[in-house]
Amino acid sequence: MGQTNLASNANKLTRHRYWYQRLNTLDFALIAVLVIFSSWILYRSSIGINYNWRWLDAINLIFTSPKDGGAPYFFQGLIATIRLSVWSLVLALTLGVVIGVARHSKIRIFRAPALLFIQLVRNIPPLVFVFIFYFFISNQLIPLLGLESLLRDYRGELNPIQQFLFGAPNLWENLASGVICIGLLSSAYIAEVVRAGLEGIEKGQWEAADSLGLSTYSKYRYVIGPQVLTATTPPLAGQAISLVKDTSIVSLISIQEMTFVGTEIANSSGLVFEIWLIIGAVYFVLCFTLSRLFKRIEKRSVRHLTR
């Protein structure tokens, strides 16, 4: 008992060491290379770039509110990017899981359409897909689904929560088009991640679940699902980060997210370098936060699986 407590305390001390105490020789070497390279870039930029940086003007500009009131134009674009990313991720995960399970199915009537969708989406450039979807499909899909009156002619009042989740009613059609477009693009890749995760489960796990007489739902919920989640969390994190970055593509179809807003601000002010560096930094913060979130999910799923 005493030895167990000592081992447990040693493990806790190991986990709570400072970050620099966990670095090895290779880590220090990489940090040194990074510092030297950054210093060289900074030195070369100071003597080789004849540009008058106007960071104060750029920061004041992104915090400037429009004359008619409301949030600054830049932050409206940031909120639109977050909104577009969240809804697209929900759609991509939902469709990706369904298509991935269908792709793994032994029933050809499920497997063939899933394979066709994945191959079609993955082998068309995203930019071409966006234009095809928006100009040729979106205008037909919205009336077909009976959403024309809701997305184009909504006249009701919105509370603050609805305003944050869905934005201004006059932009709902653009939001729906962007969400469906980005969601479909990412769902094909998520489907392949899910399929690979399902195929990575050992045959004995499936047989054990069947021998217990579990229903299909219980088998996936308690046996297969947790193992697939643990195995697929890292690639899903990468795809979620790619989805956030891919939202910048829909700026080409006049969806007013952060890249679209940044383009207008940079062109109107002439602060091209400053504005685009700020936009890059904001995208980095969003993607890094998402990666840390998935890291926590991965750790929790591993702990749950090893109990």
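The model is predicted, so local features need pLDDT of at least 70 and side-chain atom pairs pLDDT 80 or more, while totals for chains, interfaces and linings use all residues. Residues are numbered from 1 along each chain as its sequence is written, and side-chain values use heavy atoms, with hydrogens and water left out.

Visitor: How many helices and how many strands does the protein have?
Guide: Helices (H or I, at least four residues) and strands (E, at least two) are DSSP runs, numbered from the N terminus. Read along the sequence, the pattern is α-α-α-α-α-α-α-α-α-α-α-α-α. The count is 13 helices and zero strands.

Visitor: What share of the residues counts as buried?
Guide: Buried means under 20% relative accessible area, exposed over 50%, and partly exposed in between (1.4 Å probe, protein chains only). Leu185, in helix 9, is buried at 6%. Val86, in helix 4, is partly exposed at 45%. Of the 307 residues of the protein, the buried share is 33%.

Visitor: How much space lies in the largest pocket?
Guide: Rolling a probe the size of a water molecule over the atoms shows where empty space is left. On a 1 Å grid over the protein atoms alone, a pocket is an open set of points where a 1.4 Å probe fits, with protein on both sides within 12 Å along at least five of seven lines. Grid points are joined across faces, edges and corners, and the volume is the space filled by probe spheres set on the points. For the largest pocket that is about 420 Å³.

Visitor: Which helix supplies the largest share of the lining of the largest pocket?
Guide: Lining residues have an atom within 4 Å of a point. The largest share, six residues, comes from helix 11.

Visitor: How many residues of the lining of the largest pocket are charged?
Guide: Ala, Val, Leu, Ile, Met, Phe, Trp, Tyr, Cys and Pro count as nonpolar, Asp, Glu, Lys and Arg as charged, and the others, Gly among them, as polar. The lining has 12 nonpolar and two polar residues.

Visitor: Where does helix 11 have a kink?
Guide: Start with the span: the expected value is 1.5 Å times one less than the number of residues. A straight helix of 31 residues would span 45 Å, but helix 11 spans only 35 Å between its end C-alpha atoms. The bend at a residue is the angle between axes fitted to the seven residues ending there and the seven starting there. The kink is about 50°, shortly before the proline Pro234, at Thr233.

Visitor: Which residues do salt bridges with shared partners join into one network?
Guide: Glu192 also meets Arg195, at 3.1 Å, N to O. Those two are three residues apart in helix 9, about one helical turn. Arg195 is buried, at 15%. The network joins Arg103, Arg122, Glu192, Arg195 and Glu199.

Notes:
Salt bridge = Lys/Arg side-chain N within 4 Å of Asp/Glu carboxyl O.
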